[in-house]
Amino acid sequence: MKKLYYSIGEVSEITAIEPHVLRYWETIFDDLSPRKNKAGNRTYREEDLTFVLRLKDLIQTKKYSTAGAKKIIEEGEPETEGIRTEDLPLHLKKDLREVNLFLNKLLEKL
């Protein structure tokens, strides 16, 4: 079941990114700014979770620095062959996010 909001602990568990790294990334990337609830706790939306997974891919998998990842996010990735997710309809983007989350959870278990 999908949730509307995730805590920083849940995002950390799903993405395998430590909470202190998530808080650090918030200071660097303007697109990562989870709201805070009345208690002051961060509440991440599905879009935030997708953005964190993109950052993880750029920084940890593709080995970009945070500055390099920021540049790619601002300017777009270098052109590659294939379908760009920006060109896909919204319902397909959501389906791809769900598949991505599932695969990340599966990889953690391996």
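**Helix packing in a predicted model**

The protein has 5 helices and 2 strands, where helices (H or I, at least four residues) and strands (E, at least two) are DSSP runs numbered from the N terminus. This is a predicted model, in which local features need pLDDT of at least 70, side-chain atom pairs count only at pLDDT 80 or more, and totals for chains, interfaces and linings use all residues. Residues are numbered from 1 along each chain as its sequence is written, and side-chain values use heavy atoms, with hydrogens and water left out.

Me: In what order do the elements of the protein run from the N terminus on?
Reply: Happy to trace it: the chain contains 5 helices and 2 strands. Read from the N terminus on, the order is α-α-β-β-α-α-α.

Me: Why does α1 count as oblique to α3?
Reply: Axes are lines fitted to C-alpha atoms, for helices over the stretch in contact, with angles from 0 to 180 degrees between N-to-C directions. Those of α1 and α3 come within 11 Å and cross at roughly 45°. Angles under 35 degrees count as roughly parallel, over 145 as roughly antiparallel, 65 to 115 as roughly perpendicular and the rest as oblique. The α1 and α3 pair is therefore oblique, given its crossing angle of roughly 45°.

Me: How many residues of the contact of α1 with α3 are nonpolar?
Reply: Contact means heavy atoms within 4.5 Å, and here Val11, Ile14 and Thr15 of α1 meet Leu49, Val52, Leu53 and Lys56 of α3. Ala, Val, Leu, Ile, Met, Phe, Trp, Tyr, Cys and Pro count as nonpolar, Asp, Glu, Lys and Arg as charged, and the others, Gly among them, as polar. The contact divides into 1 charged, 1 polar and, for the class you asked about, 5 nonpolar.

Me: Which residues of α5 make the contact with α3?
Reply: The axes of α3 and α5 (residues 90–109) come within 11 Å and cross at roughly 60°. On the α3 side are Glu46, Leu49, Thr50 and Leu53. From α5 come Arg97, Asn100, Leu101 and Asn104.
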